[in-house]
Amino acid sequence: MLNQLRPALVLTLAFTAITGFAYPLAITGVAQVLMPAEANGSLVRKNGVVIGSGLIGQNFASQRYFWPRPSATVPGPYNAGSSSGSNLGTTSIRLKDRVAVDIERLREAGVSGGVVPADAGTASASGLDPHISPAFARAQVARIARARRLREADVAALVKRNAQGRLMGIIGEPRVNVLELNLALDASGN
């Protein structure tokens, strides 16, 4: 029996050392050398202070800022320690009611346009998506321009400058990072 147990223990220890220690350390080291900003969480700094991440959304609620899409994390929105979608299906009455409440809140706040973009009323799969669609950003232009006493054309131009296209022109959807857009809005002076 010892002849069978020894190889099993040696292999368990060897694979634990390789897959549990050596491989993660090697990958972390390579990431720190090749792409340190991404390896450290894509942190966004303002005046040397970390104010967020380019990869994790934040809950902006002020009329003066662009709002992110709804977040389904608990106990509050954009809780990075509780990444999850709502898991409500398309036939769910609870989902329908929540989306209706979100859309009504947007309309009362002055989000303009005929059709409300889908991401304005639906949470992402993680509940932490830092991006909104350019259409949702454009729908918020009038509200923000009013709150900041800016020209709508200036706010719309800011959205256009901060919009990102598809990766290599074909992968993903056009998007706008809400934190970066709000920082650009603050930097514009009002």
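At what angle do helix H6 and helix H7 pack, and how far apart are their axes?

Modeller: The model is a predicted one. In it, helix H6, residues 152-162, packs with helix H7, residues 178-187, at an angle of about 135°. The axes of H6 and H7 lie 10 Å apart. Angles over 145 degrees would count as roughly antiparallel and those from 65 to 115 as roughly perpendicular; H6 and H7 are therefore oblique to each other. As to handedness, H6 passes H7 in a right-handed crossing. On the H6 side, the contact is made by Leu158, Val159 and Asn162, while H7 contributes Glu180, Leu181, Ala184 and Leu185. Sorted by class, this contact of H6 with H7 comprises five nonpolar residues, one polar residue and one charged residue.

Turning to the whole, the protein chain has seven helices and five strands. Read from the N terminus on, its elements follow the order α-α-β-β-α-β-α-α-α-β-β-α. The radius of gyration of the protein chain is 22 Å, well over the 16 Å that the globule rule gives for 190 residues, so the chain is more spread out than a compact globule. Along the principal axes, the C-alpha atoms fill a box of roughly 80 × 45 × 35 Å. Of the 190 residues in the protein chain, 32% are buried. Among contacts with a separation of 6 or more, 59% are between residues 24 or more positions apart.

Notes
Residues numbered from 1 in each chain as written. Predicted model: local features only at pLDDT ≥ 70, side-chain atom pairs only at ≥ 80, totals over all residues. Heavy atoms only, no water. Axes fitted to C-alpha atoms, helices over the stretch in contact; angles between N-to-C directions. Helix = DSSP H or I, 4+ residues; strand = E, 2+ residues; numbered from the N terminus. Parallel < 35°, antiparallel > 145°, perpendicular 65-115°, else oblique. Left-handed = near helix turned anticlockwise from the far one by under 90°. Contact = heavy atoms within 4.5 Å. Nonpolar A, V, L, I, M, F, W, Y, C, P; charged D, E, K, R; others polar. Rg over C-alpha atoms; globule rule 2.2 N^0.38 Å. Buried < 20%, exposed > 50% of the residue type's maximum accessible area, 1.4 Å probe, protein only.
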